[in-house]
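Subject: Structure handover

Hello,

Here is the structure we talked about. Please open it alongside this email; my notes follow below.

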Amino acid sequence: MNAAIYIRKSRENHVKPSYRLVVQREQLPEYAKQQGWHSTIYDDGHASAARGKTELLPERARLEADIRAGKINIILVIELSRLSRDDTMQDYVAWLTLCADHGVKLATLTRTLNPAQHSDWMLLLMEGGFSSVEMKVLTGRMAEGRKQAFLSGKYLGGGCPKPYLYDKAQGKPVVDQHLLEEIEQVWSLAEQMSAKAVAEQLDWPEITVRRAISDSRLYFYQALRIDPDTGDIIKCDWEPVMTEDRAKRIQQTRRSRKTNKTRRDAAGLLSALGIMYCGYCGKTVKSWNNSKIRLDGTRLDYYACVTKNKKNACPASKMINHQTVNQKVLKNLFFTLANGDRLREWWFESRRAINHSGKAAEIITSIKREELKKKNLVNAIAEGLIDFSDAKEQMKNIKFAIFELQDKLEFLTNTIAEEPDWDALKITHEKFETLSFSEQREVIRNAIESITLNNTYAIIKYAFPRSESGSYEARINLARGNQKKPRLVKRTRTQPHDITSDL
């Protein structure tokens, strides 16, 4: 009889000696040997089998695969809760069903049960129910203990922010003087300037500086935390490194940097749609807020590459104001949409030229063929017709072939464009101007697939062919149109003066 010995222990300091890994690793193989079983050990060591953590049990997963392959007749454990510790019993019942379906018995050092028999099934369910209740009680006690530790100011674990390091002996964070000197520079600058300016001066990532001066971190530096239920301030048991006055100065400076207390919406008609990209570096183009007010009281916001900043500036991109880009794009858009029903005809014609469905069907058939090869190979291994070491290379080739086919299918699926909403695109420029801002953006999203923005021109790629030739793209000029000077006509004395020639 082929026996699987499954070993697992959830925590290091469990009070029951039988739970110790050394006991399981000594007694279980010895018991299997006494029974005359041929045993295989599946050892997950210290690991939890609670809900949501079973994917961290690789040996249990290997055991499940061997059960499905018909290699196991009986599972030996120190107690049944080693297989599953799920407080909902869903995972436990799934294991019982798996064993019953494949004729696998469950054994401990004191008894053997067969889940395929109704009486044993009932006993297994009762034991699982007791284990589930015990797990719920244990989880509740742990949550209560964590809450009490939080309210008493104890450190609850996790990474320590600078300048602290976790001292395992004391069970709490301690101050590292070298890190303290480093973070002191951030705090000193943050009392006078914005997080962005601090990041540029120290060459730190801006998000790192923002986290370092966030409210939660400022409380941590003062060895304080807030009770989320009552809002009370709780004093913690580690050494504070910041005074309350300094924390308030940093908070005040940080908040005073907000634009006019209310943030002005700088969203452009074409920004944040995921369609506009820089023609020089390929980064996303965003809308930039201009704080300068012109003489007429208006402001001009701009489109520009997202790397238009001091440190990672795009080498060629320039800022182009919204009005210039919006007007040119909309003019081209409605010139294209004026073709009406012909756009739909051109789109279907382009789809017929690309036989996506036929190619996808061929790939799916090939995947099914490889999956059948894989299944037959597994059956051959289980029946002993082929040695596992000999089949290892074949299995590797089959898996690689399946991976390549799935990759091709995913690429093909991504290239299959959905049919545009033709009814939504039956709109005139005059009607478009009466729509809300979000409705206008939706029309643009339906029609335009991408806009590549350069300094003097832009390339618009539509979601459908815009001409009978099948072209999806249009080029628009963004340069300021300097009017050409009138050509001067050289006259001779005999040439009569014509006043219309000067017009």
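A cavity here is a set of grid points where a 1.4 Å probe fits but cannot get out, and a residue lines the cavity if it has an atom within 4 Å of a point. Please keep in mind that this is a predicted model.

Cavities first. How many cavities of 30 Å³ or more does a search of the whole structure find? The search finds two.

The largest cavity holds about 50 Å³ of space. Its lining is made of C278, Y280, V285, A304, C305, S317, K318, I320, L453, N454 and N455. Seven of these lining residues are nonpolar, three are polar and one is charged.

The second largest cavity has a volume of about 30 Å³. L80, L83, Y92, W95, L96 and L106 line it. What is the class make-up of that lining? Six residues are nonpolar, with no polar and no charged ones. Helix α3, residues 90-101, gives the most to this lining, with three residues.

Now the helix packing. Two packed helices are described by the angle between their axes and the distance between the axes. I have two pairs for you.

Start with α3 again, this time with its partner α2. Helix α2 covers residues 58-68 and packs on α3 at an angle of about 30°, with the axes 11 Å apart. Angles under 35 degrees count as roughly parallel, so α2 is roughly parallel to α3. On the α2 side, the contact uses R60, L63, E64, I67 and R68. On the α3 side, D91, W95 and L98 meet them. By class, this contact has four nonpolar, no polar and four charged residues. Note W95 when you look at α3. W95 meets α2, and W95 also lines the second largest cavity.

The other pair is α5 and α6. Helix α5 spans residues 177-190 and helix α6 spans residues 195-202. They pack at an angle of about 135°, and their axes are 9 Å apart. That angle makes α5 oblique to α6. The crossing of α5 past α6 is right-handed. Which residues of α5 and α6 meet? From α5 come Q185, V186, L189 and A190; from α6 come V198, Q201 and L202. The contact of α5 with α6 divides into five nonpolar, two polar and no charged residues.

Last, two backbone points. Most residues other than glycine have a negative phi, and most peptide bonds are trans. Two places are worth a look with that in mind.

- The peptide bond from K162 to P163 is cis, and its omega is near 10°. P163 sits in the loop between α4 (118-151) and β6 (164-167).
- A223 is not a glycine, yet its phi is positive, at about 60°. A223 sits in the loop between α8 (215-221) and β8 (224-226).

Over to you.

Best wishes

Note on methods:
Residues are numbered from 1 along each chain as its sequence is written. This is a predicted model: local features need pLDDT of at least 70, side-chain atom pairs count only at pLDDT 80 or more; totals for chains, interfaces and linings use all residues. Side-chain values use heavy atoms; hydrogens and water are left out. On a 1 Å grid over the protein atoms alone, a cavity is a set of points where a 1.4 Å probe fits but cannot get out, and a pocket is an open set with protein on both sides within 12 Å along at least five of seven lines; lining residues have an atom within 4 Å of a point. Grid points are joined across faces, edges and corners, and a volume is the space filled by probe spheres set on the points. Ala, Val, Leu, Ile, Met, Phe, Trp, Tyr, Cys and Pro count as nonpolar, Asp, Glu, Lys and Arg as charged, and the others, Gly among them, as polar. Helices (H or I, at least four residues) and strands (E, at least two) are DSSP runs, numbered from the N terminus. Axes are lines fitted to C-alpha atoms, for helices over the stretch in contact, and angles run from 0 to 180 degrees between N-to-C directions. Angles under 35 degrees count as roughly parallel, over 145 as roughly antiparallel, 65 to 115 as roughly perpendicular and the rest as oblique. A crossing is left-handed if the near helix is turned anticlockwise from the far one by less than a right angle, and right-handed if clockwise. Contact means heavy atoms within 4.5 Å.
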